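Here are a few exercises to work through with the model open in your viewer. Try each task yourself before you read the solution.

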Amino acid sequence: MKKILILGANSYIGTSFHNYLTTQYPGQYEIKRISLRGDAWKLENWIGYDSIINVTGKAHADISKLSDEEKQQYYAVNCELAVETAKKAITDGAAQYIYFSSIIIYGDSSNSRKPVRITAETKPDPSNFYGDSKWQAEQRLQKIFDAATGSTKLAVLRPPMIYGKGSKGNFQMLVKLAEKLRIFPTYHNERSMLYIENLSEFLRKLVEDGRGGIFLPQNREYVSTSDMICEIAKAKGEKILCLRWMNPFVKLAFVMPGTIGKMVKKAFGSITIDKELSLTISDYQRFDLKESIQRSISSEK
C-alpha cells in the first residue's frame, strides 16, 4: 500500500485527489493531508512516505493590482516554502517529492496576439511574477535534488487550467457567462485544459510509478472557449446562440491596447501543450470535454 502525504490540507487539488482515491480506490492507499501554515509541520515525521505532494501555492486569480509586499508573498509561498518542504522530504527519506508548478511559466496568452505553442523546445519565459515565482522554485528545487545524496525523486508538474467539481477562478467565470449570456461568438481558439479527475488519475499513476521528471498532463483534446461555454450551457439547461458574425469584433479587440485587449486575449487566446509531451504517463485521460463538464456541473447541482 502506497503511503501519500499531501501538503495543503484545504487545497482544491489535494482535497479532490484525496476524495478520488478514497472513492475510486478504497483501502488501496494510505493518504494524509497537512497544513503548512505556521511551523508545526516542521516537527512532523515524514519518514516512510512513498510520495509527498506539494499542492500548496498562492494562486493567480487576480494579480493586476497587488503591492510589492503582496507580490513577495507569492515568492514566499510558491518558492521559499517549496524549497523548505523539499529539503525536509529529502532529509526524512521520502521516495518521491511532487511539486505543482504551472503552464504559466511559459507565458500567458493575455500578453500575446499569437498562439502560444509549447513544444519540447519551448523554454520557460514567465510574463508575470506569479509565473516567475513558480519558475524560480523549479530551478532551486532542481539544484537541491541534483546535489542531494539521497534517493528522493523530484517530479514537477506543469498543468494548464484545472477545472471540475468545486473549482473556482476561470472555470467559475465561464459558468457565470454561460448562465447570463444568450449570444456568444463562434471564434475558434485552442487551449490545453485539465479536468480534475483526469489529473487525479494522472497523480495516482505517477505515485505508483515513483519516478521523477517534468510532466505536462492535459486533457486528450484541446478546447475552444466557445465550445466550453456551449457545453456548460447545455449541462445547465441554458440556451446560447453561437454567432459567426461576432467573430470580426473579437479579432478587432485583439489589437486594442489596454485592459480590453488583454481581457480578450485572455479569453480567446490560444495556449496549447504538444500532445506528445502529455503521454509520459498513460491512460489517465478518462473523461472527454462533454463528460467532464457534465460531471462538474451536475456535481454543483
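**Exercise 1. Find the strands that α3 lies across, and give its angle to β4.**

Solution. Helix α3 lies across β4 and β6 (153–157). Against β4, α3 runs at about 165°. Contact here means heavy atoms within 4.5 Å. Angles run from 0 to 180 degrees between N-to-C directions, with axes fitted as lines to C-alpha atoms, for helices over the stretch in contact. Helices (H or I, at least four residues) and strands (E, at least two) are DSSP runs, numbered from the N terminus. Now look at α2: that helix lies across β1, β3 (51–54) and β4 (96–100), and runs at about 170° to β4.

Some housekeeping before you go on: residues are numbered from 1 along each chain as its sequence is written, and side-chain values use heavy atoms, with hydrogens and water left out. This is a predicted model, so to speak of local features takes pLDDT of at least 70 and side-chain atom pairs count only at pLDDT 80 or more, while totals for chains, interfaces and linings use all residues.

**Exercise 2. Work out the strand order of the open sheet, and name the strands at its edges.**

Solution. Start with the order: six strands run β2-β1-β3-β4-β6-β10, and the pairing is parallel. Two strands pair if DSSP finds at least two bridges between them. Next, the edges: β2 (29–34) and β10 (213–215) each have a single partner strand, so one side of each is left without a neighbour in the sheet. From one strand to the next, the twist averages 20°. Finally, zoom in on one pair: β1 (residues 2–7) and β2 are joined in the parallel sense over six bridges, and I4 has I31 in β2 as its bridge partner.

**Exercise 3. How many salt bridges does the structure hold, and which parts of the chain do R140 and E80 link?**

Solution. The count is twelve, where a salt bridge is a side-chain nitrogen of Lys or Arg within 4 Å of a carboxyl oxygen of Asp or Glu. R140 and E80 form one, at 2.7 Å from N to O. This pair links distant parts of the chain: R140 is in helix α3 (residues 129–147) and E80 in helix α2 (residues 68–91), 60 residues apart. Check accessibility with these cut-offs: buried is under 20% relative accessible area, exposed is over 50%, and partly exposed is in between (1.4 Å probe, protein chains only). R140 comes out at 32%, so it is partly exposed; E80, at 37%, is partly exposed too.

Now try K42 and D39, which meet at 3.4 Å, N to O. K42 is partly exposed at 39%, whereas D39 is exposed at 52%. D39, K42 and E84 are linked in a network of salt bridges.

**Exercise 4. Stacked or edge-to-face? Classify the ring pairs W41–W46 and Y74–Y130.**

Solution. Rings of Phe, Tyr and Trp (its six-membered ring) pair if their centres lie within 6.5 Å; planes under 30 degrees apart are stacked, over 60 edge-to-face, and the rest tilted. By this rule there are 14 aromatic pairs. W41 and W46 have centres 5.9 Å apart and planes at 25°, a stacked pair, and both are buried. For Y74 and Y130, the centres are 6.2 Å apart and the planes at 85°, so this pair is edge-to-face. The pair links helix α2, which holds Y74, with helix α3, which holds Y130, 56 residues apart. Y74 is buried at 5% relative accessibility, and Y130 is buried at 7%.
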